[in-house]
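Please look over the model below with these notes beside it.

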Amino acid sequence: MPRIYDVTVPLAPGMLAYPGDPPFEIEPVHEVGEAPFSLSRMVLTTHSGTHVDAPAHFLAGGATVDQLPLEILLGKARVVELSTRERVDRADLEALDLADDLRVLLKTRMSGQMLKAGYQEDHLYLTVDAAHYLAQAGLKLVGFDYLSIDRFGSADFPAHHALLEAGVVLVEGLDLSEVEAGEYEMSCLPLRVGGGDAAPARVVLRTRG
């Protein structure tokens with residue numbers, strides 16, 4: 001029987017946010033007992049928690065999140081596990097033979113760290129050469145298990161540019177800690193934010209077969 005994995009980080013007060021970004025907030029407006037129904041107000045950014053980056057995140061005039069093709073966001077995805085500790089280089093990816101994949105999710109030492117308080121400035125990141133390789137390999141979607149694929153403190157975000165300029169959809173903030181390497185059916189549905197540079201998403205993997 002297929003098994004389903006929810007690899008989405010829950011939106012909750014105190015959750016991890018990229019340094020300088022407004023934190024996630026939720027507060028009640030009405031509560032049952034005091035009113036006929038409950039209603040809450042949320043404050044969040046388009047990059048809160050598990051989210052999808054559209055080209056418009058870095059490219060003027062780039063496609064927005066509501067313009068992303070659903071056929072890229074749904075379908076077979078391959079989870080690959082990397083043992084590298086500091087960064088992901090081109091050679092790390094070349095060894096995986098990704099030529100036949102359209103969607104790849106990178107499981108690293110950062111999986112599960114999204115659930116911990118405090119942004120880890122020494123988080124794993126993709127080198128620009130690695131990002132170019134992913135684009136050149138023909139991938140249409142790349143997933144990563146922390147809030148940014150670029151090195152913390154980068155001023156020009158080269159890995160983002162390399163992928164988004166090539167039309168590769170980027171999913172950041174995944175929690176792959178309970179998922180083994182292998183092939184899955186993926187459903188990745190960002191909120192349909194009109195004109196959005198990104199949007200929080202619910203991402204679910206289902207075992208194949």
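1. Conventions. This is a predicted model, in which local features need pLDDT of at least 70, side-chain atom pairs count only at pLDDT 80 or more, and totals for chains, interfaces and linings use all residues. Residues are numbered from 1 along each chain as its sequence is written, and side-chain values use heavy atoms, with hydrogens and water left out.

2. Salt bridges, count. A salt bridge is taken as a side-chain nitrogen of Lys or Arg within 4 Å of a carboxyl oxygen of Asp or Glu. The model has 10 salt bridges by this rule. Lys-76, Glu-183, Glu-185 and Arg-208 are joined in a network of such bridges.

3. Arg-78 and Asp-101. These two side chains form a salt bridge, with N to O at 2.9 Å. The pair connects distant parts of the chain, 23 residues apart: Arg-78 is in strand 5 (residues 74-81), and Asp-101 is in the loop between helix 2 (90-94) and strand 7 (103-107). Helices (H or I, at least four residues) and strands (E, at least two) are DSSP runs, numbered from the N terminus. Asp-101 is buried, at 6% relative accessibility. The classes are buried for under 20% relative accessible area, exposed for over 50%, and partly exposed in between (1.4 Å probe, protein chains only).

4. Arg-90 and Glu-94. Within helix 2, Arg-90 and Glu-94 are four residues apart, about one turn of the helix. Their side chains meet in a salt bridge of 2.9 Å, N to O. Arg-90 is partly exposed at a relative accessible area of 24%, and Glu-94 is also partly exposed, at 41%.

5. Arg-87 and Asp-89. In this salt bridge the closest N and O atoms are 3.4 Å apart. Arg-87 has a relative accessible area of 31% and is partly exposed; Asp-89, at 27%, is partly exposed.

6. Nonpolar cores. A nonpolar core here is a set of buried Ala, Val, Leu, Ile, Met, Phe, Trp, Tyr and Cys residues joined through side-chain atoms within 4.5 Å. Which members of the largest core touch the most other members? They are Leu-93, Leu-98, Leu-106, Leu-126 and Leu-134, out of 34 residues. At least two residues of this core come from each of strand 7, helix 3 (128-136), strand 9 (141-144) and helix 4 (158-164). Another core lies apart from it, with 24 residues, among them Val-79, Tyr-184, Ala-199 and Leu-205.

7. Leu-106. Contact means heavy atoms within 4.5 Å. With neighbours within four places in sequence set aside, the contacts of Leu-106 include Val-80, Leu-82, Leu-93, Leu-126, Val-142, Phe-144 and Leu-176. Gly-143 and Asp-145 are also among the contacts of Leu-106.

8. Surface patch. Leu-11, Ile-26, Met-42 and Leu-44 make a nonpolar surface patch of about 320 Å². Patches are made of residues with over 30% relative accessible area and no salt bridge; like charges are joined within 9 Å and nonpolar side chains (Val, Leu, Ile, Met, Phe, Trp, Tyr) within 5 Å. Areas come from the Shrake-Rupley method with a 1.4 Å probe, and for residues only the protein chains shown count as cover. Met-42 is in strand 3 (residues 39-43) and is partly exposed, at 47%.

9. Thr-64 is in the loop between strand 4 (51-53) and helix 1 (70-73) and is buried at 13% relative accessibility. Its side chain makes a polar contact of 2.6 Å with that of Asp-66. A polar contact is a pair of N or O atoms within 3.5 Å; within protein, one must be able to donate a hydrogen and the other to accept it, and residues adjacent in sequence count only if both atoms are side-chain atoms. Gly-196, in the loop between strand 11 (182-190) and strand 12 (198-207), is buried at 5%. Beyond four places in sequence, Gly-196 touches Ala-54, Thr-64, Val-65 and Asp-66. Gly-196 and His-57 are 139 residues apart in sequence, yet 8.2 Å apart C-alpha to C-alpha.

10. Thr-50. Is Thr-50 buried or exposed? Thr-50 is buried, at 2% relative accessibility, and sits in the loop between strand 3 and strand 4. Its side chain reaches the backbone nitrogen of Val-9 at 2.8 Å, and a polar atom of that side chain is 2.7 Å from the backbone oxygen of Gly-173.
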